[in-house]
Amino acid sequence: MNFELTYQSRIAEYLHIDAEQVSLYWKGRVALYTMLKAMGVGPGDEVVLPAFTCVVVPNAILYLGAIPVYVDINPDTLCCNVAHIEQALSPKTKVILIQNMLGLSVEVSEIIALAKAQGIYTIEDCTHGFGGKHQGVFNGLRSDASFFSSQWNKPFSTGIGGMLVVNNRDLLESVNHLHSNLIKPSAKDQFILFMLIWARTYLLKGFTYWTFLRMYRWLSKKGLVVGSSSASELEGINMPKDYVKGMSTVQCRAGIKALNTIDQVISQRKKSGMSVHEWLTIQGKTSVPTEHLAQHAFLKYPILVTDRELFLRQAEKERIPLGDWFISPLHPVSDSLEPWGLEVSNFPNAVYISKHIVNLPLDLPVHRLINFLELYKNEII
Ligand SMILES: *Cc1c(COP(=O)(O)O)cnc(C)c1O
């Protein structure tokens, strides 16, 4: 059995698209890099993106010699509004990146219409948004292309992994060409990944989430496991060697398996997400605007807290595995963002949110989550 072809067609079936539109990569960032390159992005070109993202996103742009142009987010949705994107455009803009933050899609059709009118490409960052819909269409199917991630924390996991969906068929040939030149994952890559997936599935049952997380972070810092990012990706803007890698069989097999249960997983998250949403609304706390939630697949539920460190410690005590993602406008870089050309004083919303955000897991019994929130509600903004 050719696992890559099978996985590719399973994804296509799920999204109701053709298998030839789907291609697979070692990580989501490699799918993005490939797409930008296929669109002809190069030195001097500008790519518009949110000032609230993962650092690996501007990295993919900078590796091509292009210029990331950041746009502040709307603090209610954590996404960019079309009006702000419009102000960031210039004759050099080649691509607009539209990110579904924590799975939420906002003003996507409007942004795409704006881009089309000016001959600009659009790519959706659907790394959080697999399985969610916006105005009745799956995330990632309206733009010229979209990329997805199947890293540990994403909608479904293959350990690490990424995929690209190309909707603009004029781009398929160059994507296929680049895809055929990807580096093949080594036997060692595959073995380490296999062990990690195994460890995550079986050891996690014996250890607590926090012990496992600390162990994983320590090992990846030492370079002993395939971490989600290498040190060089977090320290600067030079492309690591072996960056443009394809997907391995181990990942394809994990992906095929994960897709079998994705609908159940999403429906559980939606139910929990809506319960949390209702609770926050009743308390008068910051919550995601209800009008966007109809077909939202809820990867996590973001909340703002006054003192994040304290809140995370309390969560650990109560055994609630809170996520501390987006602790900086370019997660997880906590020092200067200058190498990435992001001047923090221009993006007050992203700075404020990244100081106060934590995200709630939606795959545990929702009453535990609500009990925890009740206990510490005075610390929620
Ligand atoms: C995780 C993530 C990525 C990158 O995905 P990888 O598969 O880890 O490369 C890109 N954008 C956002 C917003 C992410 O959270």
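Student: Which strand gives the most to the lining of the largest cavity?

Tutor: Strand S11 (residues 300–304) does, with three residues. Strands here are DSSP runs of E, at least two residues long, numbered from the N terminus. This is a predicted model, where local features need pLDDT of at least 70, side-chain atom pairs count only at pLDDT 80 or more, and totals for chains, interfaces and linings use all residues. Residues are numbered from 1 along each chain as its sequence is written, and side-chain values use heavy atoms, with hydrogens and water left out.

Now the term itself. On a 1 Å grid over the protein atoms alone, a cavity is a set of points where a 1.4 Å probe fits but cannot get out; lining residues have an atom within 4 Å of a point. Points are joined across faces, edges and corners, and the volume is the space filled by probe spheres set on them.

The structure holds three cavities of 30 Å³ or more. Ala, Val, Leu, Ile, Met, Phe, Trp, Tyr, Cys and Pro count as nonpolar, Asp, Glu, Lys and Arg as charged, and the others, Gly among them, as polar.

The second largest cavity has a volume of about 70 Å³. Among its lining residues are Met101, Leu102, His296, Phe298, Lys300 and Tyr301. Its lining has eight nonpolar, two polar and two charged residues.

How values were computed. 1 Å grid on protein atoms, 1.4 Å probe; cavity = no way out; pocket = protein on both sides within 12 Å on 5 of 7 lines; lining within 4 Å. Helix = DSSP H or I, 4+ residues; strand = E, 2+ residues; numbered from the N terminus.
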